[in-house]
Amino acid sequence: MSQRKRLSNTPGSSQGKRPSSSSVAQEEHDDTAFTQPSTSQVQRGMEKLTPAQVDQKTAEVVQYFLVKDQKKIPVRRAELVKHVVKEYRTIYPEIMKRAARTFDQVFGLKMIEIDAKNHMYILINKLEPAEGPPATRSPTNPKMGLLFVILSVVFMKGGVVRENLIWSTLKKLRVDPGEKHEEFGDVKRVVTDEFVRQRYLEYVRIPHTEPVEHEFRWGQRADVEVSKTKILEFMGQLHEQDPQTWTQQHREAHSASGSSQASSSQR
Amino acid sequence: MKRAKGGGDEDGPRQNGAAGRRKGEQQKSDADDGDCDFGAGDLQEDDNDPGLRREIRSKYRDLINSVQQNREDMLRPSNNKLTEVLEEANKLFKDVRQAREAALDAQLLVVATDLGKEKASQLFAEGTAFDPTAFAEHLLSFMGLNRLEDGEDEQQNGGAVDGYLPQDAWHRVARRAQCCVRAAPSFHYMMGSFHAEPPPPKQRTERQRKAPGKEAKRIMPTQLKRMEGSHQEATEKEVERILGYLKSYYQDDPTSPISYYEFVIDPNSFSRTVENIFHTSFLIRDGLARMHMDNAKLPCIAPVEEGEVEAGGSLSRKQCIVSISPKIWKELIEAFDIKDTMIQPLNTHNE
């Protein structure tokens, strides 16, 4: 599923997904207009390089991703090509394929293109989170708690919520966007800027509102990382109700978009 | 997630303005008998009456404001305020003649429709509705809120539960959240970034530089002390020495006066001449020597006998300033034919 948006590189297929003349791809120095090289170009490119070189470049891409992932900011293809891949851009698809394999087999991570139009990638865990208390006592990030609350409310309210509802709910939890919070600092910035940049949330302006209002939705990262079923389970626990009583949310959690989380880890 | 999937079938919010208007008008013509009817003659006057136009526009604006301000109120499914607003608008619309008013009507329609859409989405729940307030309360308990026993405090906070949230409240939520999220664990280097080479050499050079600095500092003060001490002593010693010379020359021949210039001038060194003048002046100041003019009006110097000091003391003291330049010094040497210095220089003279 994570591979569906990327160029298929089966040897022998003679068409790239995008029409690109060979001269353009070779001579292009403008990084913003990177066009995906065709399979034949990739093959030719590979012939000119040693395996060690390709491995080295793949390793650099893997490292770049891992460091970028520390802040959970998505990686843009244009940046990747400009800063890391550089002159190896003709074999870009091959490098990405190998990097994905490395993530999968070495780290247990999936590299996913969350934005096919702007070509942005993130890393998510290939494995489901373990049941019960975690094996390692790694420090928890309280911001994840804050995010979780917002995602839960948005999901339970049908996927879109006006910002006022979020702010008023947070206030009940002693988190006031107007004041500096002990744990989170500038709450408004964390929620509307940081979480949005990380693609956990979308914060979109509602037209025709005066004064300007926004609504919150799940971001692309949340869509692939967060399990709606598990949120519903948690709701059930909190309210001491059967999760199935929220029929619409339950249906949503088990619908097509929810099935990616429902799949168990493969061995 | 589909938004407009409202399961409810309520009339008011889901109708758009035009349909609502038609219905509203029908209702009105049944209900209101002569309230808003006006004769044909009135039409033309009302068209152009600026006062009426303004009134209509102002009423529209009021309606728009009321929708925006009382948004939360209108959203509640328990009342029909939105429908009332639409009915008001219908009434106003009858009097609309000009584009400006129509524009306001359109604006009101947009605002009302928006609200209507939101009301519709509220009705979305088949099954249990989700109440964020209840959720917040349950979550506070989950986070470990220690509710105070005192019931009064709860009311004072306007319904918000009082109490203390433990330090790790949000960490508890975060831990629970981790179970629901397939986030990639953050990657960090185990040893931090690591350069083996630079630090040790830096330390070594610093230490070396520091050592000489300290020694140098230690030398300086002792040197200064010695100099200062010797400076004062040197002057005193020198003055005494010169007095000694003066006395011995005087005793050799008490009758013959000693020429001042011959006494102080050292033909071999101008600087020593100046020093001699300087030291001799102390003798004069302290009354140990006196100067007088001889017959040739040239200055002479002679030591003062011990008994004479008090007598000459305060009465006949005079001051004068002696100046000398190398040119004058040479002229004096020539004039007095000074071959040798009368005041022998010290051998261990330190500059």
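**View 1. Two strands of chain A lie side by side.** Strand E4 of chain A and strand E8 (residues 214-218) of chain A run antiparallel and are joined by two bridges. Please keep in mind, as you look around, that this is a predicted model. For a landmark, find A:Val161: its bridge partner in E8(A) is A:Phe216.

**View 2. Strands E4, E8 and E7 of chain A make an open sheet.** Here we step back to see the sheet of three strands, which follow the order E4-E8-E7 with antiparallel pairing. Strand E4 (161-162) and strand E7 (201-205) of chain A are the edge strands, each pairing on one side only. Helix H8 (residues 187-197) of chain A packs on this sheet, where the helix touches E7 and E8 of chain A. The direction of H8(A) makes about 105° with that of E7(A).

**View 3. Another open sheet of chain A has the order E1-E3-E2.** Its three strands are paired in antiparallel fashion. Strand E1 (75-76) and strand E2 (109-115) of chain A each have a single partner strand, so one side of each is left without a neighbour in the sheet. Between E1(A) and strand E3 (residues 120-125) of chain A there are two bridges.

**View 4. A salt bridge links A:Arg98 and A:Glu94.** The closest N and O atoms of the two residues are 2.9 Å apart. Both residues belong to helix H5 of chain A, and because they are four residues apart there, about one helical turn separates them. Over all chains, the structure holds 28 salt bridges.

**View 5. Chain B meets chain A across an interface.** On the chain B side, 50 residues are in contact with 66 residues of chain A. The area buried between the two chains is about 5,400 Å², and carbon and sulfur atoms give 58% of that area. Three residues to look for are B:Phe130, B:Trp170 and B:Arg182, which supply 19% of the area that chain B buries against chain A, more than any other three residues.

**View 6. B:Arg182 reaches A:Glu128 in a salt bridge.** The side chains of B:Arg182 and A:Glu128 meet at 3.8 Å, N to O. Across the interface of chain B and chain A, two salt bridges are found. Polar contacts between the chains come to nine residue pairs.

View 7. H8(B) gives the most, with ten residues. Sorted by class, the side of chain B that touches chain A has 29 nonpolar, eleven polar and ten charged residues.

Definitions and conventions: Residues numbered from 1 in each chain as written. Chains lettered and ligands numbered in written order. Predicted model: local features only at pLDDT ≥ 70, side-chain atom pairs only at ≥ 80, totals over all residues. Heavy atoms only, no water. Contact = heavy atoms within 4.5 Å. Buried area = accessible area lost by both parts, 1.4 Å probe. Salt bridge = Lys/Arg side-chain N within 4 Å of Asp/Glu carboxyl O. Polar contact = N/O pair within 3.5 Å; in protein donor to acceptor, adjacent residues only side chain to side chain. Nonpolar A, V, L, I, M, F, W, Y, C, P; charged D, E, K, R; others polar. Pairing = 2+ DSSP bridges. Axes fitted to C-alpha atoms, helices over the stretch in contact; angles between N-to-C directions.
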